[in-house]
Each structure stands twice: as C-alpha cells, then as structure tokens.
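Student: I have not looked at this one before. Can you take me through it?

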Amino acid sequence: MTGWLRGAPGDVALAFGRDLVRYGELAALVDGVRLPPGPGAVGCPVGTPPVDVVSTVLAALDRGRPVLVGGSQRDADRITGELPAGTELSLLTSGSSRAAGMPRVVARTNASWLASAGPLAELAGLGAGDRVAVTGPLHVSMHLYAVLHALWLGASATDDLVGATVVHATPTRLARLLDDVAVPPAAIVAGAAMSDALRARAAARGIRLNEYYGAAELSFVLARVHRAGAGPAGLDAFPGVEVELRPAAAGDEVWARSAYLALGVIGGGMLRRDERGFATVGDLAERAGSGALRVLGRGDAAITTAGATVLAEDVEARLEALPGVAGAAVLGEPHELLGQRLVAVVELEVGVRLDDVVAGARRTLSPVELPRRWVVRDVPRTASGKVARGALRDELASGELVAASSTIPAPSTGSSS
C-alpha cells in the first residue's frame, strides 16, 4: 500500500483527539474509502478530520489517483488538467510571500517523499517504538509528511504531547512548547530559521534538537542534529542532497538537487530549475563555518534601505529574541529618500511596553536594520506557522497597518526620515 503503512496490525497508528486507529483498522479504512468517479484528482479540503485525511490520501495513492491536500473536490477538478505528468501528491498552500494569500499547488510524486523517509529516520534516531506528535493541521505539508513518516516507521502519530517521544514543530511553536512541562524529549524543527536563543532554551531542557531547512517545493535540503549544548547555527546538506550557493542580487541563493524535489508548481510561486537538475525557491544563505550553511530567509523578503540590503527574516529573528516579544514581522514601505524604510509589526507579551522593545532593538540592531515605524498587534501567520507576509503587505499598501508610535529617527548616514 504505497509504501507508508509498515506497522503491525494491532499497533496504534493514529491517535487524534478521541480517534484511536490501529494499523489493521487503518488499512481497512483505506480500502473502504469511496473516491469520486473518474480518473481525476481527489480533493481533501481544509477541515477534514486527521484520520480521514490520512485514509483519503493513502486511498488515492493506492488507486493511482492524484490527491489535492488542502483543496475541495471542486478545486481538484479545476486543476486536474494542469497537473504535471506523474503527479500523485499535490499540496495546496497559501505560502508566506504570496500577495493576499493566493494559493499555489505543489505537485510531486509519492516516491519523492518516500525516498527521504529512511534518511530522516536515521538522522533523527526514530523507530517503530516512537510516538510522534504533530502541532498543526495535516493539510500543511510538513505535518502531513510527519504523520506519513510515523506510519512508515511503524510508530504512532498523534496530536497529544503527553507521552510523545518526539514532536514536529515550527520554531515559533517550539518556543511556546518550551514553557510546557509536557514537552517531548526530542523535537524536529523546520518552517523558519531558528535563533541561537531558542536552541539554547531547548538545550537547557535537555531536548535532542533535529533542525532542518526545506520547502514544499524542494522537501529536505539542509539538516543538523544538536546533541549537546546550543550547537552551531549552521546546517549541513541533508543525506542525498547536493547543495550549491549561487550569487543573486540580494545575496547567495540556495540551490539543491535530489530525489526529493517536486515535479512543479501550479499558480506561480518561487520555484526555478536549471538544466542540471538543481532547483531553488530563492532562499538565501551564508557560510557559517566548517562548510555549514546558515539560512537567512527568502530573497523576496529583502529590503533595500539607505543603499543597504536588509533581510526581513534576519531582523525578525533578532526582534523575537528580545524579552517580551512573542512574534515579529518586518516589511519595507516606500520612502522618498531611503528607497524603503523598515516597518516592524510586533506581538508583545502581556505587560510589555513598546518603548522597552524599541530600546532593546536599538542595542541589538545596526542603524540601517532598525525599523522606523512600529505596529503592536498579533502577527498573522499561515497555516504552517510562517509570517503571512503577503497579507501584511496588502494591509500596508491599503493604509490599514497603522503605526503604533512615532517614526524613529533615520540612521546617522546623512539620510533622514
């Protein structure tokens, strides 16, 4: 059955809420799924219960039908003729950098995900005895993969942290989990760059940290296991991946070649390929020592201000490391003299004053990196936990994003705000 169900019939496969399904029962559920008539793609919309997501996906794969995870049957019917030849898994995603959250569909083969199952298990030290917790909905690719990977291991997948041996989470989610006494002893973290402070917090809790960088279009690209202490910030090539850094306007782009790449993307997106089989989504990186790479963020999040290039995700990470900052997003807005100036949206913990955060930012950031306008509000995020940058850009352009304090003086470079 498509290579994913490898547990013993009597072992627990899925435990989500009150639904507890053993491997033998799951196999029967998959056999009993009624797919829409015809050869086209099968829709699996947002809001579908986790057990139904898994059984529908496996049933479609087992019967040679493409499955659209995150889209309705109407969506599936609409895109069937656009899917690249050989598509088995297609994942509808809002993305973090698409204006107004417009969806795109990442199309891939089942084999492209299955090929990485063994390398991830070895890297993270996982086996059939594990209880794998996910922290987000299964229409998000990293969480769906985590559940399928647990089934490939013959392990149990769950949404309950109590008793879990490992958790899949974004850095933002992990930061919140570290305040909970029930945090599992191991974590697999992706979706955004991790800060040194977060690595140190995880190490202080004795958590075995498995960090990786990837994208829905590329799957796994870089990874590292932090076994002791906070560990170095850099990541190495994930097993089976060839990585190159290539110069681009905003910095060095990460290009990858592996068996894990998607077939293509419908509806736009950042995926680019070359004639040698390498692909990129425009993420930038730099050397961090000993050949390791530090991922800086998406090239389209680069902001040119006062003649310098600033990476929004880099500034966001340092803002989130300040005391009392629960989340941060940084945008560039047009400015007559600076070209663009930085606007920070910060989500503050109860009782924290913006003035104190701005003072901390002055001590931490260089003058060119210091936001000129500040907005205090919840930071909107996509379903995968990334900053919903496109939605914030729309609010900024429409004037809905109102500054919460006066403009900060410009850097002492002769420019003015």
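**Two packed helices**

Tutor: Helix H1 (residues 23-32) packs with helix H2 (residues 50-62) at an angle of about 60°, their axes lying 8 Å apart. Axes are lines fitted to C-alpha atoms, for helices over the stretch in contact, and angles run from 0 to 180 degrees between N-to-C directions. Helices (H or I, at least four residues) and strands (E, at least two) are DSSP runs, numbered from the N terminus. This is a predicted model: local features need pLDDT of at least 70, side-chain atom pairs count only at pLDDT 80 or more, and totals for chains, interfaces and linings use all residues. Residues are numbered from 1 along each chain as its sequence is written, and side-chain values use heavy atoms, with hydrogens and water left out.

Student: Which residues in H1 and H2 meet?

Tutor: From H1, Leu26, Leu29 and Val30 meet Val51, Val54, Ser55, Leu58 and Ala59 of H2. By class, that contact has seven nonpolar residues, one polar and no charged. Ala, Val, Leu, Ile, Met, Phe, Trp, Tyr, Cys and Pro count as nonpolar, Asp, Glu, Lys and Arg as charged, and the others, Gly among them, as polar.

Student: New topic. How many helices and strands does the protein chain have?

Tutor: The protein chain has 11 helices and 25 strands.

Student: And how much of the protein chain is buried?

Tutor: Buried residues (under 20% relative accessible area, 1.4 Å probe, protein chains only) make up 51% of the 417 residues.

Student: What does the C-alpha trace span?

Tutor: Along its principal axes, about 70 × 45 × 40 Å.

Notes. Contact = heavy atoms within 4.5 Å. Buried < 20%, exposed > 50% of the residue type's maximum accessible area, 1.4 Å probe, protein only.
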